[in-house]
Amino acid sequence: MRVMELSGSTETRRHFFSAMGLSIGSLALGSMLRREGYAATPETGRRDGVRGPHYSPKAKAVIFLCQAGAPSQLDLFDYKPKLEEFHGTPVPEDLIEGERFAFLSGRPSLLGPQFAFSRHGGTGTQVSEILPHISGIVDETAFLYSLTTDQFNHSPAQLKMFTGHERPGRPSMGAWLTYGIGSENENLPGFVVLSSGRGARCGAACMGPGFLPTVHQGVQFRSGGEPVLFLSNPGGVSRGVRRDSLDAIRDLNAMRHEDVGDAEIETRIASYELAYRMQTSVPELMDISREPAHVLEMYGSEPGKRSFANNCLLARRLVESGVRYVQLMHGEWDHHGGRRTSLPRHLPERCREVDRASAALITDLKNRGMLDETLVVWGGEFGRTPMLQGEPDDPDVGRDHHRTFTMWLAGGGIKAGARLGATDELGYRAVENPVTVHDLQATIMHLMGLDHTRLTFKFQGRDFRLTDVHGEVLEPLLA
């Protein structure tokens with residue numbers, strides 16, 4: 001009987017909410033307070049959505065350009081003349097004594113850089129010839145040459161990079177950020193994921209909310225076809241009918257929430273409402289054909305195509321519209337050797353896919369006055385060994401997984417031209433300022449105005465955080 005009353009007139013629904021001690025006005029006020037971050041949640045007793053910033057942020061948004069599969073830092077950014085000199089000779093035994101690798105065994109030979117390096121910009125930064133456009137923005141970037149991870153298989157390493165832990169179940173970085181500071185646009189999710197190429201091995205776990213309220217989960221947008229799957233109304237269902245249906249579902253969910261007090265029911269209501277608002281905001285936002293021709297050319301974008309270039313342009317449009325965290329996943333960087341995963345053959349292909357658009361994103365953000373408040377991060381989940389995988393005389397050689405690697409950052413409070421850390425003369429170990437994945441995460445959170453030690457969530461009896469019990473802010477990288 002109550003269900004039938006709810007699906008009836010507006011007057012009947014108003015009486016129902018009055019009986020619950022609520023009015024339409026108080027519901028609207030509650031919605032507004034939740035958007036502004038002042039409504040308490042049953043599970044925490046704290047404000048919903050916005051818990052920070054803890055201090056004045058340097059950045060308002062993050063764009064993480066993830067090169068999933070782990071590009072070879074030794075062939076792109078970390079030039080080693082000694083590695084070139086000793087190409088083809090067996091690796092020193094003491095260097096790998098007691099070490100474990102994903103595929104290598106015995107005493108493999110060293111593999112020198114497969115492409116020429118040269119210096120660029122006022123910083124004289126060494127960059128490979130297969131990244132001509134990124135070479136042109138090195139004075140805007142900060143390079144981390146001494147990143148290390150304790151995970152050297154793809155899924156665990158990607159999980160470590162994005163959730164702080166190598167096993168599934170923890171909240172992703174984008175979820176932590178929206179949990180901490182919310183979104184700037186009520187018609188768009190705070191955390192958006194775009195993918196091209198093969199994508200990430202860890203799948204949905206790299207964009208999941210873990211044990212945080214599910215409202216903080218990343219929403220996957222598509223650069224080709226329907227922007228968000230299942231967002232459009234089915235055939236024959238008008239926007240008015242959809243609105244009436246959502247009103248009825250909301251009322252039923254509100255009844256259930258009144259009975260059980262489950263915060264996830266509020267999340268469900270919020271998700272339905274966001275999806276309804278996205279029906280009008282997302283299609284226009286995702287239509288990059290509206291961009292001027294010179295902008296499309298700068299990125300190398302082709303409207304309607306699923307590509308890294310289109311995703312970079314969309315990332316700029318998303319942060320311009322108030323999205324907090326955009327995660328681009330571009331796969332197929334796993335170059336072990338052989339014709340299918342040849343490093344000499346396929347690494348240049350991947351670089352052609354991302355080089356121009358990566359540089360264009362930095363240039364475009366700077367031209368629009370957005371770079372200072374947008375943090376851009378570029379890199380994979382681990383690095384590649386100085387030793388070759390395959391036979392020394394094979395033209396399609398490759399490199400195995402490795403714990404040491406290079407990434408670069410730009411904008412959003414990062415010191416342009418900064419360089420931190422160094423590896424040994426063969427590029428095997430970090431010997432200057434070793435940096436962990438948790439240090440990188442702590443720095444990203446810091447630039448967004450969040451203290452990584454204070455942004456916590458109580459689960460199973462203890463407080464969890466993105467960086468677990470680790471992580472130091474990388475002060476030398478800060479502007």
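Predicted model: local features only at pLDDT ≥ 70, side-chain atom pairs only at ≥ 80, totals over all residues.
Reader: How many helices and strands does the protein chain have, and what makes a stretch count as one?

Author: The protein chain has 14 helices and 17 strands. Residues are numbered from 1 along each chain as its sequence is written, and side-chain values use heavy atoms, with hydrogens and water left out.

Reader: What share of the protein chain is buried, and what makes a residue buried?

Author: Of the 479 residues in the protein chain, 54% are buried. The term means under 20% relative accessible area, with exposed over 50% and partly exposed in between (1.4 Å probe, protein chains only). The protein chain exposes about 20400 Å², an area found by the Shrake-Rupley method with a 1.4 Å probe.

Reader: Why is helix 7 described as enclosed?

Author: Helix 7 has 10 residues, and eight of them are buried, so it is largely enclosed by the rest of the structure. The buried ones are His-154, Ala-157, Gln-158, Leu-159, Lys-160, Met-161, Phe-162 and Thr-163. After helix 7 comes Gly-164, with a positive phi near 85°.

Reader: How do you know the orientation of helix 7 relative to helix 14?

Author: The axes of helix 7 (residues 154-163) and helix 14 (residues 437-447) cross at roughly 30° and come within 9 Å. That makes helix 7 roughly parallel to helix 14, because angles under 35 degrees count as roughly parallel, over 145 as roughly antiparallel, 65 to 115 as roughly perpendicular and the rest as oblique. The axes are lines fitted to C-alpha atoms over the stretch in contact, with angles from 0 to 180 degrees between N-to-C directions. Lys-160, Met-161, Phe-162 and Thr-163 of helix 7 make the contact with Val-437, His-438, Leu-440 and Gln-441 of helix 14.

Reader: How many aromatic pairs are there, and what makes the one of Trp-176 and Tyr-179 the kind that it is?

Author: A search of the whole structure finds 14 aromatic pairs. The ring centres of Trp-176 and Tyr-179 are 5.9 Å apart and the planes are at 75°, so this pair is edge-to-face. Rings of Phe, Tyr and Trp (its six-membered ring) pair if their centres lie within 6.5 Å; planes under 30 degrees apart count as stacked, over 60 as edge-to-face and the rest as tilted. Trp-176 and Tyr-179 are three residues apart in helix 8 (residues 173-181), so about one helical turn separates them. Ring pairs also link Phe-77, Phe-143, Tyr-145, Trp-333, Trp-378 and Trp-408 into a cluster.

Reader: Why is helix 8 described as enclosed?

Author: Nine of the nine residues of helix 8 are buried, so the helix is largely enclosed by the rest of the structure. Trp-176 and Tyr-179 are both buried. Gly-182 follows helix 8 and has a positive phi, near 70°.

Reader: What makes Arg-462 lie over the face of Phe-464?

Author: Arg-462 is at 3.8 Å from the ring centre of Phe-464. A charge sits over a ring if NZ of Lys or CZ of Arg is within 6 Å of the ring centre and within 35 degrees of the ring normal.

Reader: What is noted about phi of Gln-460, and why is the residue called buried or exposed?

Author: Gln-460 is not a glycine, yet has a positive phi of about 50°. Most residues other than glycine have a negative phi. Gln-460 has 70% relative accessibility, so it counts as exposed. It lies in the loop between strand 16 and strand 17 (462-464). Asp-468 also has a positive phi, near 60°, and lies in the segment after strand 17.

Conventions. Helix = DSSP H or I, 4+ residues; strand = E, 2+ residues; numbered from the N terminus. Contact = heavy atoms within 4.5 Å.
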